[in-house]
Amino acid sequence: MNTPVSSAHISRCEEILHLLGNATSEENREGDCTLVQKARKDLEKIRQHGDPPEITVAVYGDTGAGKSSLLNALLDQPSLLPTAGMGRACTSNVIKIEENKTSSDFEADIEFLTAEEWRKELNVLKGDMGQNDGDNDEDAEVYDEAHAKVAAVYGDFELRNLDTLLDDDTETAKLLGTVPKLSDSCARDLQDKISTYSETTDDDCQFWPLVKQVVLKVPDSGLCRSGVNLVDLPGVGDSNPARENVARKYMQTCDVLLVVTKIQRAVDNKTVKHTLGDKLFRQLLMDHTKTVVACTQADDVKPSEVIRKLKLPQAAEWTAEGQRYKKEEQVLQQKLADLKRDKQVDCSSESQENSLIQQQQRLHAAIDQLKREKTSTCAVKRNEFVRNNILHKISSPYTPHDQDYPHDLKVFCVSSSDYINLSNLLTCDDDDDDKPPVFLSTEDTEIPGLRTYLQELVWEKQKKHGMSLQNDFQAIIDGILMYLINSKRGRKALKEELKCHLDTLQKEGQLILRELDSHLQSSWFAVLDAALDEATQEAIRWANPTVELWARPVNKRQRGQGGLHSNTYKATVRRFGIFRATRIGYIINMNQDLADPFVEILSKEWTPRFSEQAWIETVKSKIKEPASIAITRCTEAIIKSLGDSDATLLKDLTQLKTDTFRKLTRLDSLWEKTIDRQQRAVTHMITDFIQEQMQSAYEQCMKEEGPGAINRIKAFMASTIDQLKSNMFQQLKEKITVSLGQLKNGFMSEAKEILEDIVEDTEKQIMPLWQTQDEPIYLETLEKSEGLIQTLSEDFAKYKNGLHEPDCHQSSSSLKRQAGDIPTFPVPGSKLVKLSEEREKSGPE
């Protein structure tokens with residue numbers, strides 16, 4: 001794929017600027033020097049941002065939902081990631097999958113925790129194992145998971161020796177803080193190599209508890225090559241803060257969240273919202289994260305249930321055809337039975353029996369085909385039902401105006417196993433895994449559709465990025481060309497008049513910014529300030545009841561209405577308020593619980609105001625449209641001042657207006673560049689801030705041991721929140737207010753820079769209209785540069801249209817052959833020299 005602006009074009013432009021920059025250093029060439037400096041600066045920006053952008057897809061779902069199988073299918077690599085064929089979780093760490101840009105091998109970078117990070121986790125795990133006084137499955141799980149993690153690394157150990165394990169095991173200690181690299185030409189063989197680092201195995205020594213993340217680099221993957229990076233998340237709530245932070249960072253910054261859930265859950269109303277949980281669901285709404293749902297195991301279908309629930313019109317035809325086949329089967333069986341009773345064994349009866357057997361075989365094949373078509377059709381229809389109904393099931397009270405989830409949510413019902421089978425990706429070693437597919441084509445498995453959708457997302461982003469860079473480069477070319485053309489038309493008498501028009505344009509730009517600032521403050525941030533006040537009071541009101549809820553007796557039927565088991569409570573405070581309970585299948589997050597009332601109120605105003613469409617409309621109505629009017633007025637005023645004696649000049653000034661409008665398109669990227677990232681950072685810092693404020697309380701609770709410890713912990717948490725709540729949430733409100741101010745200032749600063757750039761570029765292009773250039777050497781350089789920049793402009797236009805790509809190796813020497821050395825004497829017959837001579841005779845206008 002061609003880059004938006006080739007290095008050859010950039011090199012040509014740089015050499016033209018070199019010609020202009022070295023032409024003269026006299027004071028009256030100050031305009032040239034400024035033009036060259038700015039153009040070089042703009043070229044450097046294009047060079048730095050020349051690589052096509054990528055997108056990150058965070059893959060999130062319950063254990064056993066089929067994430068690894070789905071990723072293998074999307075990558076056309078059935079054996080890259082381990083799947084849960086043995087009934088246990090396979091992905092224990094964050095695994096990022098990206099294109100291998102340097103090798104044709106499969107490679108893996110294993111990033112280990114530092115010694116300090118592992119030491120802190122051992123202290124937490126020691127606490128989990130030191131209080132095995134629970135009498136229920138949930139409390140036992142806390143002990144079992146902690147013990148299993150330490151045993152995976154160190155094997156048999158004594159709890160009293162846990163503090164010295166890290167120092168005694170020097171071989172393990174050597175791995176901490178390192179990033180070893182593994183590689184293999186075969187995906188399956190690499191999987192075997194990294195298994196001990198990324199999954200639970202039966203090996204005596206396993207390293208997955210020590211790993212922060214694994215980065216897999218895959219060659220020849222169409223999905224990754226297009227710019228899609230996949231991140232397999234095991235879930236948040238890890239006992240190690242370093243791993244937890246890695247997962248949370250990907251959740252915060254990802255372009256797409258791919259939610260993986262079994263299709264049976266979607267059918268049985270255990271929907272995506274259930275998979276995500278209310279807290280994460282609300283966060284996605286505030287983040288405006290593009291969400292894709294993959295309902296897995298679409299090949300697991302019972303036709304009778306689908307026919308009954310969906311009342312398929314084909315059912316009657318299937319029933320009739322099935323009955324006809326059944327009657328034919330009965331007739332053939334009867335004929336075969338009659339032959340067997342016939343004691344005569346002759347050639348005639350044997351031939352008849354063979355014929356009947358062949359008929360029976362053909363009939364069985366037809367029955368099998370009917371069953372497969374029936375099952376496949378039911379699977380496809382079930383997929384359509386899930387896709388059409390899932391949006392209604394995940395409607396949320398936090399969505400603005402009580403609407404359903406954002407309309408651009410995509411749902412795919414996928415079968416990874418059928419796709420692998422139908423694509424003939426299984427090797428001879430996998431023959432035992434082969435099973436008859438349910439679907440009739442790879443397209444029906446919806447894996448190709450999901451892959452194409454992800455690729456279209458990154459292609460759209462790359463298209464916008466490429467067009468932006470091309471517009472910026474075209475603006476540089478046009479600016480240089482306009483300057484060179486106008487250098488032939490020096491008119492000193494017009495200087496004050498033209499500068500007056502530029503001053504007017506600058507003042508109108510300042511007025512646009514002031515009105516924009518006023519609009520944002522009154523229509524946006526004042527509303528958010530009011531919502532913050534309400535959210536603060538609501539959070540303070542619910543703080544005590546929230547802490548009291550944790551201390552209640554456990555309600556197993558409704559987890560949200562009851563408290564925590566003692567060991568679970570202790571394990572949660574040891575992890576600073578966050579604990580993932582694998583067996584019960586949800587995340588305990590005390591910090592989020594305290595933040596929920598605050599976020600619920602704030603999200604009602606936050607979500608609609610920070611949508612991309614809202615900001616695009618604001619930019620259009622408050623900046624682009626008034627700026628376009630101002631630019632048009634300025635251009636028309638300049639044309640009026642110059643008069644209509646020079647038709648070419650008037651045409652060039654009209655082009656100047658067009659070029660300036662093109663520069664306004666840079667405003668379209670401000671939402672993604674400044675607003676989206678910053679507003680996400682604000683919403684994600686809410687729970688982080690509460691965790692920081694609660695840290696001393698958590699640390700004090702960790703010290704409680706012995707009989708009655710859980711009661712003392714609960715009492716201390718209640719008294720702490722009672723004292724802390726008002727100040728904590730007021731500070732949170734102030735912190736968000738400051739962040740919103742910084743967000744607005746950042747946006748205003750970017751908008752101001754773009755508008756000032758437009759004024760500055762306009763000034764540079766028309767500056768020669770009030771300058772005179774008389775030196776022959778300088779005039780010859782201008783003429784030569786004009787020819788080169790026109791050639792470059794024409795060549796770049798072809799390049800953009802895909803008709804011509806310059807040779808990067810030849811362009812530089814070709815340019816030098818065209819340019820030659822800058823002459824030290826006037827070239828006879830030069831147009832610009834003749835123009836200079838005419839000016840000398842006539843004097844200034």
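**Helices side by side**

Helices α19 and α21 are roughly antiparallel to each other, because the angle between them is over 145 degrees. Keep in mind as you look that this is a predicted model. Helix α19 covers residues 495–551, and α21 covers residues 590–609. The two pack at an angle of about 160°, and their axes lie 7 Å apart. Their crossing is right-handed. If you sort the residues in the contact of α19 with α21 by class, you find 18 nonpolar, three polar and five charged ones.

Now stay with α19 and turn to another partner, helix α22, which spans residues 612–642. Here the axes come within 10 Å and cross at roughly 165°. These two helices are therefore roughly antiparallel to each other as well. Helix α19 passes α22 in a right-handed crossing. The contact between α19 and α22 is made up of 16 nonpolar, four polar and four charged residues.

To find the buried residues of α3 for yourself, look for Lys67, Ser68, Leu70, Leu71, Asn72, Ala73 and Leu74.

Notes
Residues are numbered from 1 along each chain as its sequence is written. This is a predicted model: local features need pLDDT of at least 70, side-chain atom pairs count only at pLDDT 80 or more; totals for chains, interfaces and linings use all residues. Side-chain values use heavy atoms; hydrogens and water are left out. Buried means under 20% relative accessible area, exposed over 50%, partly exposed in between (1.4 Å probe, protein chains only). Helices (H or I, at least four residues) and strands (E, at least two) are DSSP runs, numbered from the N terminus. Axes are lines fitted to C-alpha atoms, for helices over the stretch in contact, and angles run from 0 to 180 degrees between N-to-C directions. Angles under 35 degrees count as roughly parallel, over 145 as roughly antiparallel, 65 to 115 as roughly perpendicular and the rest as oblique. A crossing is left-handed if the near helix is turned anticlockwise from the far one by less than a right angle, and right-handed if clockwise. Ala, Val, Leu, Ile, Met, Phe, Trp, Tyr, Cys and Pro count as nonpolar, Asp, Glu, Lys and Arg as charged, and the others, Gly among them, as polar.
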